[in-house]
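Please examine the sequence and the model shown here.

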Amino acid sequence: MDIRIVVGGIQDREDDLIVVNLFEGVQTPGGATGAVDQALGGAIREAIAAGDLRGKRGEVSVFYPRGAIPAARVAVVGLGPQGAFSLQAIREAAATAAKKAREMGVRSFSSIVHGAGAGGFSLESASQAVVEGTILGLYRYQELKNKPPDRFDPERFTLVQFDPDKVAEVEAGASMGEIVAEATCLARDLVNRPSNYATPSDLAELAMEIAGEFDEMRCQILSEDDADELEMGAFLGVAQGSDEPATFIILEHKPERPDLDTVVIVGKGITFDTGGISLKPTEKMDRMRGDMGGGAAVLATMYAVGQLDLSLHVVGLVPATENMPSGQAYKPGDVLEAMNGKTIEVISTDAEGRLILADALAYAARFEPGAVVDLATLTGACVVALGRGVAAGLFGTDEDLLARLQAAGEVSGERLWPMPLYDDYLDKLESLTADLANSGGRDGGVGTSAMFLKQFAEGYPWAHIDIAGMAFEERPNTPKRPPHLQKGGTGFGVRLLVQFLREWAAQSG
């Protein structure tokens, strides 16, 4: 979609649709909405007085000017209560308006920057949120469908700024919003893509394409033979049951800059998870193509990092493999040796994500990072603990790192909830035959999985984000589902990581 910024009053904009807003409880609109209302002869105030327009979050009302202004239609989108207003509310308002524009079949629409006036946010932040919401709201997965959609997406979106002296702020925010949203859509595509179209080799090829776009990025793909030389026994143990070759993806932004802080982001890349010998139930097993949601987020984040050219040495690691049952597959009771020499008894082959992450976390130490953050669709226990579509679980060994991630979550709208790493969880991982077991049972499963990973995250500040409840949207298309989400992959983690890395780069520079 073509995104533009123009100077002027929204009421003077000639377009298929213009979008203004309303806070809940406001009886007399001001600002741009008030200017449009005045041009329409008080039509918006009349709708408010009649109770047809309340400004509730998710509400959108359409007016037809009949020549009173150049635009063919006016949409008033609700922002909800002003006291609870947030950047996420801006994203959702923009997504609601964008979906309405598509529903009406408009080819071009314009909007004011929601939240930059009475909302209290800077023009740059608000503009970023509007563009993010617009792009994410219009997302849909069409790659493998022959039948075109019933309604095509708008071709052009324009942000209208009244003050010419502030256009640069809007442009900066809009540019950032476009980069972050498009990266999120890339992660969504990867999660939605069938596993025969998103094999470990396919992910490796994408990583090489990403690196090829930027002078300051380098890609290295480790084969199974390479992993064997590095003694990545946990990663290879999971991979041995599949005929698809495993790949260990390494993307580095600014690899030749030793003066910069180093941050490593690690994403679980199980491109299909059958559970292995500990086979999963058949119901919804097709969703297991999305078990690489963490890896998808890391690849997409690296794509955004390259475009933003952050002053930060960022390393993205994605151990990618299938988890399949076969005559060569690893079995419950087997013992694997990870790259750091620790031995692991396999209690469940369906606890495979932590095994491939164990070797990735051990490998991360060679970069001597200031922080390592891993993302993984790791446990159903996290979904039980925090709910689906509510928040991701956050664990870690460094309070400053956890605080940085939580702050990034608040700004990006991708919420994290801190969880404990009690030593008691380690007791549940005791093994008869190895240094530790890969599962501590159902009770406390989210804590024991994080404690398992901690045993391999040595020598650096580390955080683990369990995104099992956040990577795939299952809710039907109702008001309960946020308008910036569609059924399928959410791309969770991309906006969070980009914000986190941007802030780190700004603070270190």
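Asn21 stands opposite Val77 in β4. Strand β2 (residues 17-23), parallel to strand β4 (residues 74-80), is joined to β4 by six bridges; strands are DSSP runs of E with at least two residues, helices are runs of H or I with at least four, and both are numbered from the N terminus. This is a predicted model, in which local features need pLDDT of at least 70 and side-chain atom pairs count only at pLDDT 80 or more, while totals for chains, interfaces and linings use all residues. Residues are numbered from 1 along each chain as its sequence is written, and side-chain values use heavy atoms, with hydrogens and water left out.

The open sheet has six strands in the order β1-β6-β5-β2-β4-β3, with mixed pairing; two strands pair if DSSP finds at least two bridges between them. At its edges are β1 (2-7) and β3 (60-63), each of which pairs on one side only. On average, neighbouring strands of this sheet are turned by 25 degrees against each other, direction ignored. Helix α3 (residues 87-103) packs on the sheet and touches β2, β3, β4 and β5 (108-111), its direction making about 150 degrees with that of β4. Contact means heavy atoms within 4.5 Å. Axes are lines fitted to C-alpha atoms, for helices over the stretch in contact, and angles run from 0 to 180 degrees between N-to-C directions.

Helix α5 lies across β1 and β6 (156-161), running at about 170 degrees to β1. The axes of α5 (residues 167-192) and helix α9 (residues 293-308) also come within 8 Å and cross at roughly 150 degrees. That makes α5 roughly antiparallel to α9, a term for angles over 145 degrees. The residues in contact include Met176 and Leu186 of α5, and Leu299 and Tyr303 of α9.

Strand β8 (residues 247-253) has seven of its seven residues buried, that is, under 20% relative accessible area with a 1.4 Å probe, protein chains only. Thr247, Ile249, Leu251 and His253 cover one side, and Phe248, Ile250 and Glu252 the other; all are buried.

How values were computed:
Buried means under 20% relative accessible area, exposed over 50%, partly exposed in between (1.4 Å probe, protein chains only). Angles under 35 degrees count as roughly parallel, over 145 as roughly antiparallel, 65 to 115 as roughly perpendicular and the rest as oblique.
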